[in-house]
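Good morning, everyone, and thank you for making time for this short talk. Please have a look at the sequence and the model first, and then I will go through a few places in turn.

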Amino acid sequence: MNFVTDTHALLWWFIDSPKLSPKASEIYEICEKGENIIFIPSIVIAETLSIFEKKRVSFDFKKLFKKINESENFVLIPLDYPILQKMLDLKDITELHDKIIVSTARYLNFPIITKDHALQNLPYIKTVW
């Protein structure tokens, strides 16, 4: 099964944080073995870069970006017309980053790896944590 990731899940996996749930950790491990694909909305990479630049978490952004770029099982998804079309339907999500992540998941029809309770409570998207 394939997934879309949110920012914290991706970052916590990369830094091996205990904040990442066992289920989410298992999904990332399976991805690294080449058995599934984790799709990364471009906004997630932008948020990760912002966290790195603000030094809110200490990690090597270039190393993360290189790992994603070299992997066949981590796929960056651009913010393009089909994603923007999906965003038009999301009136109940006010936070722009979440709207893009959810729109990406809806477009691809995959669950989101997220701890975010606001996303977990949406009736029209599946989440995993």
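Is the crossing of H3 and H4 left-handed or right-handed? It is right-handed, where a crossing is called right-handed if the near helix is turned clockwise from the far one by less than a right angle, and left-handed if it is turned anticlockwise.

Before I go on, a word on where the values come from. This is a predicted model, in which local features need pLDDT of at least 70 and side-chain atom pairs count only at pLDDT 80 or more, while totals for chains, interfaces and linings use all residues. Residues are numbered from 1 along each chain as its sequence is written, and side-chain values use heavy atoms, with hydrogens and water left out.

Let me stay with that pair of helices. H3 covers residues 42-53 and H4 covers residues 61-70, and the two pack at an angle of about 160 degrees with their axes 10 Å apart; the axes are lines fitted to C-alpha atoms, for helices over the stretch in contact, and the angles run from 0 to 180 degrees between N-to-C directions. H3 and H4 are therefore roughly antiparallel, given that angles under 35 degrees count as roughly parallel, over 145 as roughly antiparallel, 65 to 115 as roughly perpendicular, and the rest as oblique. On the H3 side the contact is made by Ile45, Thr48, Leu49 and Phe52, and on the H4 side by Phe61, Leu64, Phe65 and Ile68, where contact means heavy atoms within 4.5 Å. Sorted by class, the residues of this contact are seven nonpolar, one polar and no charged; here Ala, Val, Leu, Ile, Met, Phe, Trp, Tyr, Cys and Pro count as nonpolar, Asp, Glu, Lys and Arg as charged, and the others, Gly among them, as polar.

Now bring in helix H1, which packs against both of these helices. With H4, the angle is about 100 degrees and the axes are 11 Å apart, so H1 and H4 are roughly perpendicular. Leu10, Trp13 and Phe14 of H1 meet Lys63, Leu64, Lys67 and Ile68 of H4, and this contact has five nonpolar, no polar and two charged residues. With H3, the axes of H1 come within 9 Å and cross at roughly 60 degrees, which makes H1 oblique to H3. That crossing, too, is right-handed, and the residues involved are Thr7, Leu10 and Leu11 from H1, together with Val44, Ile45, Glu47, Thr48 and Ile51 from H3.

Which residues touch the most other members of the largest nonpolar core? Leu10, Trp13, Tyr28, Phe74 and Ile113 do, in a core of 41 residues. A nonpolar core is a set of buried Ala, Val, Leu, Ile, Met, Phe, Trp, Tyr and Cys residues joined through side-chain atoms within 4.5 Å, and buried means under 20% relative accessible area, with exposed over 50% and partly exposed in between, using a 1.4 Å probe and protein chains only. Helix H1, residues 7-14, supplies the largest share of this core, namely six residues. Leaving aside neighbours within four places in sequence, Leu10 is in contact with Thr5, Tyr28, Ile40, Val44, Ile45, Thr48 and Ile68.

Not counting residues up to four places away in sequence, Lys67 touches Trp13, Phe14 and Glu32. The C-alpha atoms of Lys67 and Phe14 are separated by 9.7 Å, although the two residues are 53 residues apart along the chain.

Asp16 lies in the loop between H1 and H2, where its phi is near 55 degrees, a positive value in a residue other than glycine, and at 68% relative accessibility Asp16 counts as exposed. Ser17 is placed in the loop between H1 and H2 as well, but at 12% Ser17 counts as buried. Asn109, in the loop between helix H6 and strand E4, has a positive phi of about 65 degrees although it is not a glycine, and Asn109 is exposed at 67%.

Terms used:
Helices (H or I, at least four residues) and strands (E, at least two) are DSSP runs, numbered from the N terminus.
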